[in-house]
Amino acid sequence: MLRIHQVSKSFGLDPLFQNVTFSVQPGERIGLVGPNGCGKTTLLRIIAGEEKADSGSVQFVPSDLRVGYLPQGLAFKPDDTLGRFINRMEGDIPALSDRLEQIALQLAHQPDNAALQRDYDQTLAELALADENTGRAPGILAALGLGDIPEDLPVAALSGGQKTRLALAGVLLTAPQLLLLDEPTNHLDLDMLAWLEEWLVNYPHAVLIVSHDRAFLDRTATGIVEIDPLTREAREYAGNYTDYLEQKVAERERQWQEYKDQQAEIARLTRAAQHVRGLAKFHKNGKADPKNTDGFSAGFFANRGLETVRRAKQLEARIDRLMNEDRVDKPGRTWQMKLDFGEVAASGRDVVVLEDLTIGYGDYALLSGINQTIRFGQRVALVGPNGSGKTTLLRTIAGRIPPLAGQARLGANVNIGYMAQEQETLDPERSALEIVSRFLARSETETRAFLSMFLFTGEDVFQPAGLMSYGERARLALACLVAQGCNFLMLDEPINHLDIPSRARFEQALAAFEGTCLAVVHDRYFIEGYATEVWEVRGGEIRVNPIDERVELTTDR
């Protein structure tokens, strides 16, 4: 169905990936993994025809295979409403019919024009698909939890999760036979994650998924393709993400053992060669007995010298072969993000107190009657359906929007660090160096050393935030939090766009964080390892789940 053969891509002199080869068959769901910056999104764009490879080929079987592509950065038009977007994705039948008629007239005068024939075939296929799509949109929107949203609602007013689901609805309307999904779980709530997992498991065609959600890959993937950041090549693994990890661990252990065995053998052969060379030198310097007139001693030592030299050369040839032709490379290490919040100043026992709080916009209340307290040292996970008010609650506590009623009162000596869901707090015109310098009273050299812990090196520190990848922006936002030295972290989907190694480092850093944290997060691995309490938003209320209910909340839905 999809065949990738020897595909390579470079930017300037730096190769992004090289000689990538793998295939995706009908019914397979392949997870494409690797650290941020290894080229996963670029590879999906090449497959989708939105970017060109430097070399290699992408082949669809059949050649007219319908491909549906969900990009990581959701692209909507500024004036899009829900209805306008869906109409555009369904296909404008009158416009397509007019276009088909115009091409047919041109073909009547130029019947041998291959370009016109291709346009005619493509337009005819689009018209057939648009006709097939008629009446499908309501069912797809309802399945994705968007059926009750007014068609005239601007897309800009939707939550991040609702935008993701709307974009997915647009992809599904094209009835794809091959799905390319780039971070489809970003911003999705737990209910929608469960729905998407079940839907993909029952999807009869092929799927290629870029995701850093470990639980999602465990439940959906039938195979894993890894882009290795060291070799820049692709490796295929059978099974889901856990199976892939087990194979990687076994591979690495096997390579370490082979490397150690080879190094020990090289050391043994080197010692033997040195010993034999010493014998050869001794024999070369051997003296004949002056009383011996037949010259036996001199000949004896000369022959033994030649023999030991030959033995030494044989040993050295074996060493050379082990170090070159039969060399086992030392397992490489990739450079990973280093995240340490360090010591934080203590705050009062009550970090934030919510009293009869009502939140929302204008006359529209999302949540009301909230009476909750977060105490120093707590790590609260805030979960619930998209659009239920989680982000609005964080913005209200942070003082970015006013409450509709009641109050959100901060305790003594509370220093808030707020990480926005879509990283809108980062000035797109400023570089990483300029942004972080606002919080660090250090020299440029020291600030660049600090940024290097978040994988910004060399000229990277001068790149404007608006030109960074989503993963780079997420790391920069984390760098700002660390630089501020906050004792109360408010994190809105903080691990979206972070690769799996960076997520693991972030989890470790939060576990060691001595302050307080309130995070909107839907990654089930992250919740289980991070939260001391779970707040679930349901039906306009916040329910505090006891710890013994947390696993059920985050894994069984």
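Reader: Which residue is the bridge partner of Ala 381 in strand 17?
Author: Val 534 is the partner of Ala 381. Keep in mind that this is a predicted model.

Reader: Which strand does strand 17 run parallel to, and how many bridges join them?
Author: Strand 12, residues 379-383, runs parallel to strand 17, with four bridges between the two.

Reader: And how many bridges join strand 17 to strand 18?
Author: Five, and those two strands run antiparallel. Val 537 stands opposite Ile 542 of strand 18. Their hairpin has two residues between the strands, and Gly 539 has a positive phi there, near 60 degrees.

Reader: Is strand 17 mostly covered or mostly open?
Author: Mostly covered: five of the six residues in strand 17 are buried.

Reader: Changing topic. How many aromatic pairs does the structure hold?
Author: Six. One of them is Phe 76 with Phe 85, an edge-to-face pair with 5.0 Å between centres and 70 degrees between planes.

Reader: Are those two buried or exposed?
Author: Phe 85 is buried, at 6% relative accessibility. Phe 76 has 21%, so Phe 76 counts as partly exposed, because buried means under 20%.

Reader: Why is the pair of Tyr 241 and Tyr 244 called tilted?
Author: Because their planes stand at 50 degrees, with the ring centres 5.4 Å apart; edge-to-face needs over 60 degrees and stacked needs under 30. Both tyrosines, Tyr 241 and Tyr 244, lie in helix 9, three residues apart, and both are buried.

Reader: What lies over the face of Phe 456?
Author: Arg 475, at 5.3 Å from the ring centre.

Technical notes. Residues numbered from 1 in each chain as written. Predicted model: local features only at pLDDT ≥ 70, side-chain atom pairs only at ≥ 80, totals over all residues. Heavy atoms only, no water. Buried < 20%, exposed > 50% of the residue type's maximum accessible area, 1.4 Å probe, protein only. Pairing = 2+ DSSP bridges. Phe/Tyr/Trp six-rings, centres within 6.5 Å; stacked < 30°, edge-to-face > 60°. Lys NZ or Arg CZ within 6 Å of the ring centre and 35° of its normal.
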